[in-house]
Amino acid sequence: MDEILNLTPSQMAGASFDCSCGKRHEVVIRKMVMGRNAVHQLPEIISEFGNGEVLVVADSNTKKVFGEKAAKSLEDEGFRTRLFVYEGQCALVPDERAVGRLLTETGKDTSLILAVGSGTLNDLARYISSRTGIPYVIVCTAPSMDGYASVVSPLIIEGFKKTFEAVYPYAIVADLDILKTSPPDMVKAGFGDIIGKMTALADWDLSRRLNGEYYCKTSVQLVRNALDKCISNAAGMMKYEDEAILSLTEALIFSGIAIGLVGNSRPASGAEHHLAHYWEMEALSHGKEHPLHGNSVGVGSVVVAMLYQFMKDWLPDGFDVPDPSYIKNLLESAGACSSPASLGIDRVVFRNSIIHAMKIRPRYTVFHLIKDKGLLEKFADELTDGFYGKMKV
Ligand SMILES: [Zn+2]
Ligand SMILES: [Zn+2]
């Protein structure tokens, strides 16, 4: 039953198996193609959608990277295509306007939405796909986050981030040459999102041991294997080495798949994500720009690992305690942010985030253990002094 761990992403697509955790798992995504020249397989991947119009969606950057080319080459292959580009200088925001705009571009005979992009475009296409029933395919343009294989769409509605149920893509296409055109900040962010799995998995293990929460060893191993591969390529990330970019992309896709296997984001998201969401919401509520999700997650993971160290004596026997210096060094070796100040988070917001991040969602993490021991305020002060220096009185 653990054969799934030896499969490549393309072999894993559509797989289903009985797991040692007692559940039957299924990878709902039908096709996953990764590597050099992956996009050459697009006509074959989408062959069953030739009966209608293929709506290619891009933004002003991704249209140059591959959007225009996708529309043209599919047209040459006999598909009827239409290109819709979100134009604009500013970063695309997945809000009501963007949702409505994409909806108006879908027609009665749209057979497929082909999104060329990363986080935001994927979220928009996924949402519209779920509401219209038109399948979507994502051509990844950056290894920047683990939402490609996800099933939810975080959107900004009336200024607030809200997560909506959506659907899986029909296919994920990750072409090495396209991924290598992504800016360094997006690679660093993707790496941060993956490094965050170290504390996410620790939180899940903690809850399993303390609360008897459901736990799937196969999903954990799937994420861990991908994480290890990524870690061994950390130094190659900023050199854009093939192996490094591929291992990062694979890890991001596998972590999304693990979420799908389990049915919630436990294998990929813990206290480090709660911190990242807190910082993001704080910035949004003040109309400020916030760091890319994965950069916040990486830093969140350093912070959470420090909290685990503080709690060492209260952890169950044999618990694999995350090591903050190891995580910090890994982030730095890939050129990623490793402290809250480097993300632009100020002292007060940071302290508040330690105390309140656990309210982001009802999921047991090390924050709950700390709160139960009455140590939350104390550790918030210690961490804040540690990162920002002692306040002068
Ligand atoms: Zn994430
Ligand atoms: Zn399982």
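The crossing of helices H12 and H16 is right-handed, a label used when the near helix is turned clockwise from the far one by less than a right angle. The model is predicted, with local features needing pLDDT of at least 70 and side-chain atom pairs counting only at pLDDT 80 or more, while totals for chains, interfaces and linings use all residues. Residues are numbered from 1 along each chain as its sequence is written, chains are lettered from A and ligands numbered from 1 in the order written, and side-chain values use heavy atoms, leaving out hydrogens and water.

The axes of H12 and H16 (residues 376-388) come within 11 Å and cross at roughly 125°. That makes H12 oblique to H16, oblique being whatever is left after under 35 degrees (roughly parallel), over 145 (roughly antiparallel) and 65 to 115 (roughly perpendicular). On the H12 side, the contact (heavy atoms within 4.5 Å) uses Val302, Val303, Met306, Leu307 and Phe310; H16 brings Phe379, Glu382, Leu383 and Phe387.

Asp193 sits in helix H7 (residues 184-195) and His293 in H12 (residues 293-310), so the pair ties together parts 100 residues apart in sequence. Asp193 is buried (under 20% relative accessible area) at 0%, whereas His293, at 21%, is partly exposed, the class between 20% and 50%.

How values were computed: Helix = DSSP H or I, 4+ residues; strand = E, 2+ residues; numbered from the N terminus. Buried < 20%, exposed > 50% of the residue type's maximum accessible area, 1.4 Å probe, protein only. Axes fitted to C-alpha atoms, helices over the stretch in contact; angles between N-to-C directions.
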